[in-house]
Amino acid sequence: MRLRTHLQRCATIKQPIRVVARAGQTSLNASSGMKPASKDLQPPKDLPTLSSLEWSKPLQIVRYPDPRLRAVNAKITKFDSSLLELAKEMIQAMYLDDGVGLAAPQVGINARLMVFNPHGKEKPGNESILVNPEIVSISKSTAVETEGCLSFPDRCSNDVSRTLIYADVERPRDIIVKAQDEKGEPVQLQLGGLSDLGAFISRIFQHEYDHLQGILFHDRMKANVLDSVRTSLQALEEEFLVANPGVKIQRIPAMKVKKGF
Ligand SMILES: [Zn+2]
């Protein structure tokens, strides 16, 4: 994931907030105004498990509408050196594309693993690796920000600096999350809050978590926002079908035509 506006603001923050705490070491009280995670944010029932990860270098970012971005992502049960190595490779792939977050299905691995660093490659050492994350609760209040996704290059832009599709997405401001770290230790996170950095991290997490649920950022766009990027999305669909004839893909829904009367 990439966010243009926030990335610049975040780059000026001197002391990043520590948002990851081991369960039991820090009290993470639910903020007021929270509600249980909606159904689309809950992991599917009967989630398959993955005892070994199969992957090879170099990792390649999977582009929309590759079906691996819509596939079920399995729960990880083996916490070994291969998992840590994969997470490190994902971080490098993320930096190579100037991103701040990446989920395993975006490199073609259908497993519940994500990495992020809200400062991006400019400030290495601030990476988080989360395995089998789950959103426990979300705030009732929401925020709208412009997002870009590394799996969505913009083929229709005349602006050479605009290499990704960018569009506004509404998400809950705050979330409470439980997950495991790369060693399998449980972690609990309260993401959001009043600072720009906190809000940014909450958004990155939610974007990457959606990938683990097979949800893509245009699924969450309002109809008029989706219409504004429709041509770029369709260009990616056509490009994919030319390169992968016969592969079944999930296209964006057709534009709703307003009826006159
Ligand atoms: Zn993305």
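Mentor: Let's start with helix names: helices are DSSP runs of at least four residues, numbered from the N terminus. M255 sits in the segment after α4, which covers 223–243. Keep in mind that this is a predicted model.

Trainee: Which residues is M255 in contact with, beyond its neighbours within four places in sequence?

Mentor: Those are D227 and R230.

Trainee: What makes α3 largely enclosed by the rest of the structure?

Mentor: Being buried takes 20 or more other C-beta atoms within 10 Å. In α3, 14 of the 17 residues are buried, so the helix is largely enclosed. Helix α3 spans residues 196–212 and reaches 25 Å from first C-alpha to last, close to the 24 Å expected. Just after α3, G214 has a positive phi of about 75 degrees.

Trainee: Which residues have the most contacts inside the largest nonpolar core?

Mentor: That core has 54 residues, and those with the most contacts include L102, M114 and F205. Leaving out residues up to four places away in sequence, L102 touches M90, A93, M94, M114, V115 and L150.

Trainee: Where does pLDDT stay under 50?

Mentor: Over residues 6–30. For the protein, the mean pLDDT is 88, and 89% of residues reach 70 or more.

How values were computed. Residues are numbered from 1 along each chain as its sequence is written. This is a predicted model: local features need pLDDT of at least 70, side-chain atom pairs count only at pLDDT 80 or more; totals for chains, interfaces and linings use all residues. A nonpolar core is a set of buried Ala, Val, Leu, Ile, Met, Phe, Trp, Tyr and Cys residues joined through C-beta atoms within 7 Å. A residue is buried if 20 or more other C-beta atoms lie within 10 Å of its own, exposed if 12 or fewer, and partly exposed in between; C-beta atoms are placed from the backbone. Two residues are in contact if their C-beta atoms, placed from the backbone, lie within 7 Å. pLDDT is the predictor's confidence in each residue, from 0 to 100. Helices (H or I, at least four residues) and strands (E, at least two) are DSSP runs, numbered from the N terminus. The expected span of a helix is 1.5 Å times one less than its number of residues.
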